[in-house]
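Here are some notes to go with your first look at this one. They follow the side chains: charges first, then rings.

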Amino acid sequence: GSEHYLASLDFISETHVAVQRLPREQQKIDVLVADTTTGGSHVVFTETEETWVDVAPMHWIDTDRFVWLSDRSGFSQLYMVSASSGEVHPIVAGCEEQDVLTIVSVDTTAGDHGAVYFISTTQQEQSDRYLYRVALPPREGDVSGNDPAQPCPCAPERLTPPGCPGTHVYVVSPGGHWAVHTHSSFGRAPT
């Protein structure tokens, strides 16, 4: 049918909102950008799956680019999407065969171009959860990966200290200056 669900709505500027729209079958998700002054909208990105499309938050870097979590490769990975061109490129290199479980924070002020903080596993420790950071590509040539100063995709940096197996949960403050870290493992209560 023509029935749709609106999964999320994000203000990306004073006059534009981004909306995730799914049909009842939930095998496709459209990202639309709507102009709040005219009411007009257009699809800027579509993702489809034969079985089911997971709804994940969009993390807008600016009015044209957003970070997208998708399992299009067979593993849940981070992608940079250009709303103007529809191009989709991976952000993380070197851990393509492990899942990015969740995005903790996107900080557009970190480093030269910003960073994404995310929780992932390792191939050796699939049940453990660790915090990683990966740099965002620069605005110019942002998703092409051709900028020699900041190639895209980038290798992630593990921030969770080594020798600390288990599950790590982070709640990051607005602005990314503070975080609450909780650690637990089999036989050890969360601290």
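Is Arg21 buried, exposed or partly exposed? At 24% relative accessibility, Arg21 falls into the partly exposed class. Keep in mind as you read on that this is a predicted model.

1. Let's stay with Arg21. Its salt-bridge partner is Asp30, and the closest N and O atoms of the two are 2.9 Å apart. Asp30 has a relative accessibility of 5%, so this residue counts as buried.

2. How many salt bridges turn up in the whole structure? The search finds six. As background, side chains of opposite charge can pair when their charged atoms come close.

3. Another of these bridges is between Glu3 and Arg24, with 3.4 Å between the closest N and O atoms. This pair links distant parts of the chain: Glu3 is in the segment before β1 (4–11), while Arg24 is in the loop between β2 (16–23) and β3 (28–35), 21 residues apart. Glu3 is partly exposed, because its relative accessibility is 47%.

4. Next, have a look at Arg72, which forms a salt bridge with Glu47; here the closest N and O atoms are 2.6 Å apart. Arg72 belongs to the loop between β6 and β7 (77–82) and Glu47 to strand β4, so to speak of the chain, the pair links distant parts that are 25 residues apart. Glu47 is buried, with a relative accessible area of 5%, whereas Arg72 is partly exposed at 39%. Arg72 also has a ring contact: its charged end sits over the ring of Tyr79, 5.6 Å from the centre.

5. The charged end of Arg158 does something of this kind too, sitting over the ring of Tyr130 at 3.6 Å from its centre.

6. Now for the rings themselves. The count of aromatic pairs comes to five. One of them is Phe45 with Phe66: the centres are 6.0 Å apart and the planes are at 75°, so the pair is edge-to-face. Because Phe45 lies in strand β4 (residues 41–48) and Phe66 in strand β6 (residues 65–70), the pair ties together parts 21 residues apart in sequence. Both Phe45 and Phe66 are buried.

7. Phe45 also pairs edge-to-face with Trp68, at 5.2 Å centre to centre and 75° between the planes. Again distant parts of the chain are linked, with Phe45 in strand β4 and Trp68 in strand β6, 23 residues apart. Both Phe45 and Trp68 are buried.

8. Which residues make up the aromatic cluster around here? Phe45, Trp60, Phe66 and Trp68 form one cluster.

Technical notes: Residues are numbered from 1 along each chain as its sequence is written. This is a predicted model: local features need pLDDT of at least 70, side-chain atom pairs count only at pLDDT 80 or more; totals for chains, interfaces and linings use all residues. Side-chain values use heavy atoms; hydrogens and water are left out. Rings of Phe, Tyr and Trp (its six-membered ring) pair if their centres lie within 6.5 Å; planes under 30 degrees apart count as stacked, over 60 as edge-to-face and the rest as tilted. Helices (H or I, at least four residues) and strands (E, at least two) are DSSP runs, numbered from the N terminus. Buried means under 20% relative accessible area, exposed over 50%, partly exposed in between (1.4 Å probe, protein chains only). A charge sits over a ring if NZ of Lys or CZ of Arg is within 6 Å of the ring centre and within 35 degrees of the ring normal. A salt bridge is a side-chain nitrogen of Lys or Arg within 4 Å of a carboxyl oxygen of Asp or Glu.
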